[in-house]
Amino acid sequence: MNLHTHDKVEIDKPSKVLILGSGALKIGEAGEFDYSGSQAIKALREEGIRTVLVNPNIATIQTSEDLADEVYFLPVNPHFVERVIERERPDGLLLSFGGQTALNCGVELDELGILEKYNVRVLGTPLDTIRTTEDRHLFAEVLRSINMDTPRSRACEDLESALEAAEEISFPVMVRSAFSLGGKGSGIARNDKELTEMASNALATVPQILVEEYLEGWKEVEYEVVRDAMNNCITVCNMENIDALGIHTGESIVVAPSQTLSDHDYHRLRSVSIRLIQHLGVVGECNVQFALHPHKDEYRIIEVNARLSRSSALASKATGYPLAFVAAKLALGYSLIDVPNSITQVTASCFEPALDYCVIKMPRWDLKKFRRVSTSLGSEMKSVGEVMAIGRGFEEAMQKACRMLGVGAHGLVSARDHFEEENLEELLVVPTEERIFAIGEALRKGWSVDRIHQLTHITPWFIERVGEVVRCQQEIRKFDLASLSEELLRRAKELGFSDNQISRAVRRETPIEPGYAASLEVRDRREELGIRPVVKQIDTLAAEYPAQTNFLYMTYNGSEDDVVAKDPAPYVVLGGGAYRIGSSVEFDWCAVNAVQALSRSGHRTVMINYNPETVSTDYDSCDRLYFEELTLERVLDIFERENSQGVVISVGGQIPNQLAVPLGNRGVKVLGTKVEDIDRAENREKFSSLLDDLGIDQPEWRELTSVDDARSFAENCGYPVLIRPSYVLSGAAMSVAHSDAEMESYLKAAADVSREHPVVVSKFIAGAKEIEWDGVAQDGKVICYAISEHVENAGVHSGDATMVFPSQRLYLETSRRIKKISRLIAEALNITGPYNIQFIARDNHIKVIECNLRASRSFPFVSKILKENFIDYAIRSMLGEKVDPPAKSAFEFDFVGVKAPQFSFSRLKGADPLLGVEMASTGEVACLGDQVEEAYLKALLSVGFSIPEKGILLTTGKIEDKVDFLESARKLQQLDIPVYATKGTHDFLKENDIETRVLKMPMRDEEFEAGSDAMDAIEAIEKGLIDLVINIPRSLERNDLTSGYLVRRKTVDYGIGLLTNIQAANLFVDALWKIRDTDELLVKPWREYC
Amino acid sequence: MGDPTLNHHDTHPAVRDVASDSRSVKAILELEDGVRFEGKAFGALKSISGEVVFATGLVGYPESLTDPSYRGQLLTLTYPLAGNYGVPERDPNNPIQDGFESSRIQAQALIVQRLSQDYSHWKSSQSLSDWLASEGVPGIEGVDVRALTRHLRQFGTIKGRLLLEGSDNREQVLSEPCHDPGSYNVVAEVSCSEPILHSCGKDGAPRVVLVDCGAKTSIIRCLHARGADVLQVPWNHDFVAEKADAVLLSNGPGDPKMTGDTIEMVRRALAEDRPLMGICLGNQLLSLAAGFDTYKLDFGHRGQNQPCYEVGSRRCYVTSQNHGYAVDGEKAPAGWQEWYRNANDGSNEGVRHSSKPFFSVQFHPEANPGPRDAEGLFDLLLEFAR
């Protein structure tokens, strides 16, 4: 595969390689590892090497049937991986494609002697190098030995030495923990008290922390470095954090390439990173983070990640350089000049991409979904996803990125004031997700760039760019649309203003109507003036060589299109956008499969998406990739430019789904179910009357415009009720109220209820089972379907629920009715394509609570269990092909799949780890088993639970739950594990002849007589006596600080398994009871489950 | 053709500065084949013509603009944002100041997509636009530089005019043929006029004679950093007669075959044993003197990201380059061999003598702008020199 080197390359290739995935998506470890793992598998397959993958994340592309030769949906930990090695006997192991999870597992496997025992060779970066980069003390020593500057620091193994170190270095100091992901357990301590708290928390989960010099106000710069075994080195790109040092790079707004570094700065740091990586001996890819002094020629090396990372996924998408693919080839022993550049096909991989555009990454947070969480940003990651925007102007890219976040921003500046002037200073000083918007507002209020720089430490050049946008907006405000000059309109577009944003900025007599009409007016005016965006290619070489690339973006800073529409007319698939709570890698699986299905049917495909951590944005996933916004404006631009014959809106989750109606109204052909019918399902009013017509039951609901109306409705139908305001001021969008008082406090404090912002109140049915239907229909006839059940009763968001498929405990009658209802709805809405219905059932009485005419989160799960690709069926149905239903039926299965949620509460300081009607999980896994208990146990082990050995702490809440748990408590008693219980639970169990050790709850001393020697629950956790907490709260919707909250939080902070749902707790105990020996958790590849 | 000896930049008494004009000034870039780009002017308010070229580096506009290799050329930056980090203050007492490659802007004009009037960098004291104005160099922003680059790469180089509305010499530039740096010995224009000794300040330092065909000052800095004195001599100076431990043939603008006098002297140098190294144009001069041939590349190399590997090995360096001609490495004269090759297109990137300490490279080991991966070549030269 060499290019011009002429000599034949001989390498010692392994024959079978084991690849470790990263498991569920979590904060700090997200979709980027699906991209990197998939690329690695492709790179190995091309070499004829057999691949074995361990990854319990069933929604990923890398676990598709046609990628790895064997897939194990098992926890990525030494126990299971050893058994996979024993079975598969691989001779090679790739650790750098599955994030910190894979790396940690690899290090442990090595330390346990397992790799040596089975003669498995670690490919790529050697383990010793990994250990050096992971151990901060060792790392600092290495840096010093080669005269590289690093922050002054001391490694500490206890609190005392941490305090000493801080005195030596002087406050404020940075506290970091070794072996962590996403900066977990790190922060800035300004005094002894803060340090004590931080250090104790960190030392509870890791053996060592680092106390170091805090570089306030320094710039943060990163380099992505690639090295091969011949010692050739390149840096694929550098990136400059717009936020100064102190905010984790995953939490920072980042621009590539750097904008305010001179050639001296850029290449000095580049040379240092190369020298460092050569010294460390990395083979493959790694990331070097620097601090750069803003006023002096000084730098510090912050850290090296000797593996593919979130930044490397970003760098790969930002430059078009297939980093993960190349890294896999280098791990096999190839050199950089042996691997062709798969983008250009004509040049080598040994080069550094030249960008002729600028790229901005913005993190996507979802902190509003959590109760009690701290919203300030710092050295720990909290974001759940990210967006990447490309432009030929900084402002253009920045404004795109703001819109891509999907948080309601129309761009960098909005039409109205969002912040009070007196709050602005704090908003600038304390970084939160609002800060970038606060900068715009401060500029508009006349604050100087210098003042903002002093408060934020953000380099003035970036603040000036925001100012550019603010000034343009102020200029637009002077005109109405008709009098807006061509020059100003063009300038606005060059600065990244959307039509929508312009429509809101122009002067108008009457307030703007909701909907798309106003922005379409701007569009029409623009087209009249001939102001249109151009299409540009990302070719890695800034047009220096001709390159056939399909990686595209649009810009107003240009006059010529790089590509033109091609025949045959393509189909456009809309991707899912930023990963966030509720929309994640599962929609990427759907989008990628949609493109593949279209292509199998012989069509050309165009993908639109802007999430750098996805496979759908890989250059080889479709015929043309637009790294672009999923807005009406941009989708229309692309649709028109590509002469597309239709758009698929139903595989990318809610963002594309919401575009169905406006696109249809503008004459775009929307594939599948008719737009009017989508509207009938989306519009609550219309859907409700449709259900009434069909005789299908639904919970009572009403849309109301005052708190009084809401209260009287609730009184009529009876509490509890579910409240969904249309305008939320703070906190979660949905809530359950059990009383007038709760309803009032929620509606008054958190939401605005008025004629403009109605609230939907519906009857909340407690104690019901929740069931999901995933189906595909064609012309109203069901082609395929899957019925899964939730382990948790209704009330837990379906994204947080544990799902069992095929359903195991449903009455036949219930199943039959669900099928009947689902068929009726398909027929009534004349559905063609994917759809999902959520039901609740109590005593065979079934109500529909939700219906979406799009692929759901569980499509990959049910597709992979059934080994029937629902997206493939959906696409073929939408194309009008004759589609035969699958021959298999779920009833014939002698195995079961369990999908379990992954929570990231430990990363969200202060958040109450309770489940409720708002989704809180950041990812999911699914495991297979011969029975539900086996699959469930594997799934929980995959999301970080361990089998309890030390002690179990019980608090079982309400009396109904206490009774419900009684059987489980008996089982626990026989398991030979110490069982602790809090007072109420202890007393109840005692009455039922079950002995437990009583523990005090914090703030509840009154439950005990003075002088009682009962230990405190918090203390028991801190002492390491507990390794499982079952804490069933009395109420789900309490916001106040309770003793239960303190225990739950402590549990999460100590990385201990926590169950807060009674049904899940019962199933877990059942599983522990039935499966006494972990060897009963079978290590079987996916292929053998059929 | 204009007067080749006229120095465009030294005297510009009548030239106004665009920034002093309150409204934006329209500028048009017109290529000789009729292709036009419209934009806004910045820098000096004057029209100009020359060869239109591009550079794909992400950073380093002060270095590129002062690189004598861009003499007579209108420089296009493919990275669309220019001026972000401003321009450092010029130190009049330091002729080899870091951040600049010669004493003044060498390019005829600058072509960019978006210009930043404000800048952020602790070393900078003026905006890119003000710097250009102060040196009498015009610029144009708002050009689709990617479209321009795609056009240029097909022609290698093409001449063009930058016409500024309201500039005094607009009509003159329009009526005259385009300035063509390839049509005369442009090296004479950028070379120093008499020998200059740059001492590194150390006793007993080896001395390198630097034949200045338009040398970048980084070459001097690189040699200084390694403890060598540099004697910079004019392109037509008899360097063979100079007392020195090694010879370095510098980079420079134009067609190598225009510098016949230098080639002749190199031939004489090759008859001796004194270490001799060539960079870029120096590589072509040395190769021609040794008996290699040169030819025009289909696609010139104009970036900071060019991979070059050592022939016979798999060691590869990322290098900074700016050239449209290459040495034909396949037909090596007796005693010579190909040394480096470009991993993208296989073209020759350096030659060396089989037994004598003569070697040269097409790329720029002195970097600035660009990666410093090949700086070790200066160590090699000094090893031979010592």
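Colleague: How many residues does the contact take from chain A and from chain B?

Modeller: This is a predicted model, in which local features need pLDDT of at least 70, side-chain atom pairs count only at pLDDT 80 or more, and totals for chains, interfaces and linings use all residues. Residues are numbered from 1 along each chain as its sequence is written, with chains lettered from A and ligands numbered from 1 in the order in which they are written. Two residues are in contact if their C-beta atoms, placed from the backbone, lie within 7 Å. The contact takes 49 residues from chain A and 48 residues from chain B.

Colleague: Which element gives the most to the side of chain A that touches chain B?

Modeller: Elements are DSSP runs numbered from the N terminus: helices (H or I, at least four residues) and strands (E, at least two). On the side of chain A that touches chain B, α9 (263-280) and α16 (460-476) of chain A give two or more residues. The most, six residues, comes from α9(A).

Colleague: What separates the centres of domain 1 and domain 2 of chain B?

Modeller: Chain B is assigned domain 1 (16-175) and domain 2 (187-385), with bounds from an automatic or database domain assignment. Taken over C-alpha atoms, the separation of the two centres is 28 Å.

Colleague: Where in chain B is the pLDDT below 50?

Modeller: pLDDT is the predictor's confidence in each residue, from 0 to 100. Chain B averages 91, and 94% of the residues score at least 70. The pLDDT is below 50 over residues 1-14 of chain B.
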